[in-house]
Amino acid sequence: MSLLAVRNLVIDYAETRALDGADLDLARGETLGLVGESGSGKSTLGSAVGRLLPTTARRTEGEVLVAGEPVFDLPAREVRKLRKKHLGFVFQDPIASLDPTMRVGNQLRLVLGRGGDVRFHLGRVKLDDPRVLRAYPHQLSGGMAQRVAIAMAMATSPELLVADEPTAALDTQVREEVLNVVFSLAADAGTSILWLSHDLPAVARRCDQVAVMYGGRVVERGPAREVLGRP
Ligand code: ADP
Ligand code: ADP
């Protein structure tokens, strides 16, 4: 069974058809780069995986199965459970996935629950520093905040990490550090990655598989080296 199966998914906003019959399969342990021009539907597809679409979006047709569960047909409570059990998300703006009113250590503690080792999880993203524990998200640099967001998303060892351009706003050197952290943590945990990106060379280097979106559909899918050529 695929970890993720998107079947003929059609998502509409008031005036725009953002997905127009998208199909995608992702196996356990696979890393897949989802590429395509701006507006082709990458973000909509990534958000649909966790039913995290804006309230103005409507699922018109099709389905999304995560570990066999139809996320659009479950009660909201079951969707929250499914997210917690199987999924992690990181976005371009790390601050959006962090709580601005809470110190980093406290919000990580909340995700980990009792018995969780906050310093271990910060250490895995190379941030084991008491100053980081005590900081509020906006006091961190973009790269540090993104690593905190990654630590939070990976704290539960999800089966699938959906990463929506998490390095797009970072400069080149920091981008590589963040990429290293994500891909090594995921490899250690056996986490699959759905990596939404404009950065074709990075996708070619890091991902096993590539899917290309155009006009709200996945128009091509295959091994990264075949689809994108050698990096
Ligand atoms: P991307 O980097 O994925 O191309 P965009 O800059 O297109 O992102 O979109 C940024 C944010 O604006 C997203 O949250 C998206 O949902 C929202 N957005 C994109 N297009 C529209 C639109 N036509 N109307 C309202 N919101 C939009
Ligand atoms: P990508 O991530 O590839 O840039 P998106 O999924 O953000 O693509 O956008 C797909 C289409 O849906 C675009 O036409 C975009 O303008 C539209 N769209 C995205 N978010 C919104 C939104 N919140 N409201 C209205 N239209 C949106």
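## Starting at an exposed spot: Lys126

At 61% relative accessibility, Lys126 counts as exposed, because exposed means over 50% relative accessible area, buried under 20% and partly exposed in between (1.4 Å probe, protein chains only). You can find Lys126 in the loop between α4 (118-124) and α5 (130-134). Helices (H or I, at least four residues) and strands (E, at least two) are DSSP runs, numbered from the N terminus. Lys126 is not a glycine, yet its phi is positive, at about 60 degrees. Most residues other than glycine have a negative phi.

Asn8 also has a positive phi without being a glycine, with a value near 45 degrees. Asn8 sits in strand β1 (residues 4-12) and is partly exposed, with a relative accessible area of 36%.

## What kind of model this is

This is a predicted model, in which local features need pLDDT of at least 70 and side-chain atom pairs count only at pLDDT 80 or more, while totals for chains, interfaces and linings use all residues. Residues are numbered from 1 along each chain as its sequence is written, chains are lettered from A and ligands numbered from 1 in the order in which they are written, and side-chain values use heavy atoms, with hydrogens and water left out.

## The whole chain

Let's step back and look at the overall picture. The protein chain has nine helices and 10 strands. Its C-alpha atoms fill a box of roughly 50 × 45 × 35 Å, taken along the principal axes. How does the radius of gyration of the protein chain compare with that of a compact globule? For 231 residues a compact globule would have a value near 17 Å, and the chain has 17 Å, so the two agree. That radius is taken over C-alpha atoms, and the globule rule is 2.2 Å times the number of residues to the power 0.38.

Of the 231 residues, 50% are buried. The accessible surface of the protein chain comes to about 11200 Å², and 49% of this belongs to carbon and sulfur atoms. Such areas come from the Shrake-Rupley method with a 1.4 Å probe; for residues, only the protein chains shown count as cover. Among contacts with a separation of 6 or more in the protein chain, 68% are between residues 24 or more positions apart. Here, contact means heavy atoms within 4.5 Å.

## The largest pocket

The largest pocket holds about 560 Å³ of space. Its lining has 16 residues, and Leu87, Phe89, Val111, Met152 and Ala153 lie nearest its centre. The elements that give two or more residues to this lining are α2 (76-86), β6 (87-90), α3 (104-112) and α6 (142-154). Which kinds of residue make up the lining of the largest pocket? The lining divides into 10 nonpolar, three polar and three charged residues. Ala, Val, Leu, Ile, Met, Phe, Trp, Tyr, Cys and Pro count as nonpolar, Asp, Glu, Lys and Arg as charged, and the others, Gly among them, as polar.

How is a pocket found? On a 1 Å grid over the protein atoms alone, a pocket is an open set of points where a 1.4 Å probe fits, with protein on both sides within 12 Å along at least five of seven lines; lining residues have an atom within 4 Å of a point. Grid points are joined across faces, edges and corners, and the volume is the space filled by probe spheres set on the points.

## Two buried partners: Leu87 and Val49

Leu87 is found in strand β6 and counts as buried, at 6% relative accessibility. Not counting residues up to four places away in sequence, Leu87 touches Val49, Gly50, Val66, Leu82, Pro158 and Leu160. Leu87 and Leu4 are 83 residues apart along the chain, with 10 Å between their C-alpha atoms.

Val49 lies in helix α1. Is Val49 buried or exposed? Val49 counts as buried, at 1% relative accessibility. Beyond residues up to four places away in sequence, Val49 touches residues including Leu4, Val66, Leu87 and Phe89.

Gly41 lies in the loop between β3 (31-35) and α1 (42-49), and at 9% relative accessibility Gly41 counts as buried. Leaving out residues up to four places away in sequence, Gly41 touches Ala18, Leu19 and Met213.

Ala224 belongs to helix α9 (residues 224-228) and is buried, with a relative accessible area of 2%. Apart from neighbours within four places in sequence, Ala224 is in contact with residues including Val203, Cys207 and Val210.
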